[in-house]
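Welcome, and thanks for taking a look at this one with us. Please keep the viewer open while you read the briefing.

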Amino acid sequence: MQPAVDHNDEILRLLPHGVVVVSADWRVTLANPEASRLLGATGDTLWARCPELEQTAFASGFRYAMADRTELLTENVLPSVGWLQARVLPTADGGLLISLRQVNPGTLDNGQAKAALLVGELGEALTREESLSAALQRAAIAMTRHLDATIARIWVTDAEGHYLDLYAHAGLDVPDLPARFAMGQHQLGQIAESGAPYLTNDVATDAAVGGSDWMRTERIRSFAGYALRVEDRVLGVMAMYSRRPIDHDTLNCLSTVAYTLALGVARKTADSARRQAETKIRAQAERLEQLHELGKQLSAELDSDALADKVVTTATKLCGATVGAFIPGASIEATLVDDALAGGAFAGASSDAPTAAHVAGRELRAMLPDGPPLASLLATPVLGRKGRVIGALVFGHERPSQFNAESERLVSGIASTAAIAMDNARMFGEARDLITALEKSNAELDQFAYVASHDLKAPLRGIANLSQWIEDDMGDRLDEQTREHLNLMRGRVIRLENLIGGILAYSRAGRERDPKLVSVNMTELAHEVWELLAPPATAKITIGDLPKITGVRVQVQQVLMNLISNALKYNRERDLTIEITVKRDGDRWVFGVLDNGIGIPPEFHERIWGLFQTLERRDKVESTGIGLSVVRKIVESNRGAAWVEARPEGGAAFYFSWPVAEVRHG
């Protein structure tokens, strides 16, 4: 004899409808062949075997039956199979026994057909309507029509989840149902807070929801309240009042309706948040683009009035003001005022103690006498370096409450950028005025130097000529002392002429306008300078393989001539060797003029570059003390440097650097 269990298995196999048993955690513990055909044969849980159950009303019905340990009879469409009727019974171990059979839609009773139509209409409304309120309003109307409800209302939680706001209302309009209430307040707020539905078919005696006169007048019999919940998030609450009792089909339908509405609210809310975020991002991108463009304009503009116009135009647009202005020199603290000082305060009304808002508003009204009356004001100071008051940016709007903290931060940021640009424009203007004055002064100095040179040299030449004529005329009648005095006088004249020429050369060194830059062959120039100086037989020079540089040829010639002539001048009684060297140091050439002469003590290495500084008495060595000053001035005007070093073996080493790249002037 076969065991009884085998007969049971055979019976389950032969049943024309599917039977599936699930545990409390939805694991499939038994499924006959028909159930496997309908739901699938693989997967540990019910949802793993048939994932499309989640997209149907079966999912919410099964979960409701599992949670409330109640029987359930429901019909719906499983897309891969067709219409199914499911009967659900709780089992003793906490699970469910689910019986499934295929049915012809034509055999559905009126209640089940209405439920299917209602869910379909809700889905269509939530999908097609753009706004959440419009979709929920259609849903409420559909509930009154399909479920024979007297009142259907839907509330949605606010962004913080503290309050519920009425979004949809269909049926009777009664005063006892609030448009807004706090979470936990009223029976509906308690339903939303707990997440558990509340159902009754005896409103007249139910203390929680009954007792109102209108309910007795309208003969309200039943109430159903459901939290609109997706997982652990409560998104709202729906309520239905009816003159008819809630039957089994309506009860099954309501949980599906609540879940469908919850999904719709979640999707619509997410879509709305996404659109708002996209709109905000686009607005921020446009704002950043305008600020970037303003920054470029400010960096390129050096006129203060034009800067102020650009700043006011952009800031007025960005903060949404009707009017805006820059008030030069106005000292004002940041001010944000809306309808608290509307009308007269900004129109020029008197005040015993005018505030910054009054002052700024009056200034703006005075600048815009024909504009609209202002009800909102936004002002911010424009402060330069070290807190210097440049002025104030002031904006107004004819409607109250048009500016907020974000507007204030935006305008304050623009004011900071404007302050830097205006400070730069001011300094540029001052620098331009100084340069103009300096150019005028230099031109006057050039003219003075030329005139002074001409006017001073002319009498000096006359003195020299006169002394020579006296000596020629007197002939042998002059004694040696007188002849020496005349020679000494002519020497002083020559010294004065050299001094005047040196001063003129120093004043012009490095200040040529539009100098002609050429390629200078330093090797050829050094040989040329040596020949021009006509050195004594006791002196010789070694010139290395020098590079070509770019510069003003006369300037480079002056540098070499002064350095070489100095070595010759101070070592006339010695056998002298001069060496010209070069080495590269990064982007510069370093030229050296080295000699084996008497050298220069270290304590004089810096002093000798000053004007009129010499190491020997002028009676001993004829020198103006200007040559090295001219050298340094020329070299530094060409972005180089000049210095001197002592040579260990004796003598002096003068160096100057010159850019390898082309020198740019102007």
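Is Cys50 buried or exposed? Cys50 counts as buried, because its relative accessibility is 3%, under the 20% cut-off. Please bear in mind that this is a predicted model. The protein chain has 666 residues, and 42% of them count as buried.

**Overall make-up**

- The protein chain contains 17 helices and 22 strands.
- Its accessible surface comes to about 35,300 Å², and carbon and sulfur atoms hold 53% of that area.
- Among contacts in the protein chain with a separation of 6 or more, 58% are between residues 24 or more positions apart.

**Cysteines**

- Cys319 is buried, like Cys50: the relative accessible area of Cys319 is 6%, and Cys50 has 3% relative accessibility.
- A search for disulfides across the whole structure finds 0.
- As a reminder, a disulfide is a covalent bond between the sulfur atoms of two cysteines.

**Nonpolar cores**

- In soluble globular proteins, nonpolar side chains tend to be buried together.
- The largest nonpolar core here has 38 residues, and Met522, Phe654 and Phe656 are the ones that touch the most other members.
- Elements giving two or more residues to this core include the helices α15 (522–533), α16 (553–569) and α17 (627–637), along with the strands β17 (539–543), β19 (576–585), β20 (588–595), β21 (642–646) and β22 (652–659).
- The most is given by α16, with 7 residues.
- Beyond its neighbours within four places in sequence, Met522 is in contact with Leu546, Pro547, Ile549, Val556, Leu560, Phe591 and Phe656.
- Another core, of 34 residues, lies apart from that one, and Leu126, Leu132, Ala142 and Ala224 are among its members.

**A buried leucine**

- Leu307 sits in helix α10, which covers residues 304–319.
- With a relative accessible area of 0%, Leu307 is buried, because buried means under 20%.
- The C-alpha atoms of Leu307 and Ala425 are separated by 8.7 Å, and the two residues are 118 residues apart along the chain.

**Salt bridges**

- The structure holds 16 salt bridges.
- One of them pairs Arg244 with Asp148, with 3.3 Å between the closest N and O atoms.
- Arg244 lies in the loop between β11 (233–242) and α9 (248–300), while Asp148 lies in the loop between α6 (132–146) and β6 (151–157), so this pair ties together parts 96 residues apart in sequence.
- Arg244 is partly exposed, with a relative accessible area of 46%, and Asp148 is partly exposed at 38% relative accessibility.
- Arg553 forms a salt bridge with Glu528, and here the closest N and O atoms are 3.0 Å apart.
- Because Arg553 is in helix α16 and Glu528 is in helix α15, that pair ties together parts 25 residues apart in sequence.
- Arg553 is partly exposed, with a relative accessible area of 35%, and Glu528 is partly exposed at 29% relative accessibility.
- Arg647 forms a salt bridge with Glu649, the closest N and O atoms being 2.8 Å apart.
- In this pair, Arg647 counts as buried at 19% relative accessibility, whereas Glu649 counts as exposed at 59%.

**A nonpolar surface patch**

- Leu466, Trp469, Ile470 and Met474 form a nonpolar patch on the surface, and together they have about 380 Å² of accessible area.
- Ile470 belongs to helix α13, residues 405–474.
- Ile470 is partly exposed, because its relative accessible area of 35% falls between the 20% and 50% cut-offs.

**Backbone angles to check**

- Which positive value does phi take in His186? Phi of His186 is near 70 degrees, in a residue other than glycine.
- His186 is found in helix α7, residues 186–194, and counts as partly exposed at 32% relative accessibility.
- Glu231, also not a glycine, has a positive phi of about 55 degrees.
- Glu231 is placed in the loop between β10 (222–230) and β11, and is exposed, with a relative accessible area of 72%.

Note on methods: Residues are numbered from 1 along each chain as its sequence is written. This is a predicted model: local features need pLDDT of at least 70, side-chain atom pairs count only at pLDDT 80 or more; totals for chains, interfaces and linings use all residues. Side-chain values use heavy atoms; hydrogens and water are left out. Patches are made of residues with over 30% relative accessible area and no salt bridge: like charges are joined within 9 Å, nonpolar side chains (Val, Leu, Ile, Met, Phe, Trp, Tyr) within 5 Å. Accessible areas come from the Shrake-Rupley method with a 1.4 Å probe; for residues, only the protein chains shown count as cover. A salt bridge is a side-chain nitrogen of Lys or Arg within 4 Å of a carboxyl oxygen of Asp or Glu. Helices (H or I, at least four residues) and strands (E, at least two) are DSSP runs, numbered from the N terminus. Buried means under 20% relative accessible area, exposed over 50%, partly exposed in between (1.4 Å probe, protein chains only). A disulfide is a pair of cysteine sulfur atoms within 2.5 Å. A nonpolar core is a set of buried Ala, Val, Leu, Ile, Met, Phe, Trp, Tyr and Cys residues joined through side-chain atoms within 4.5 Å. Contact means heavy atoms within 4.5 Å.
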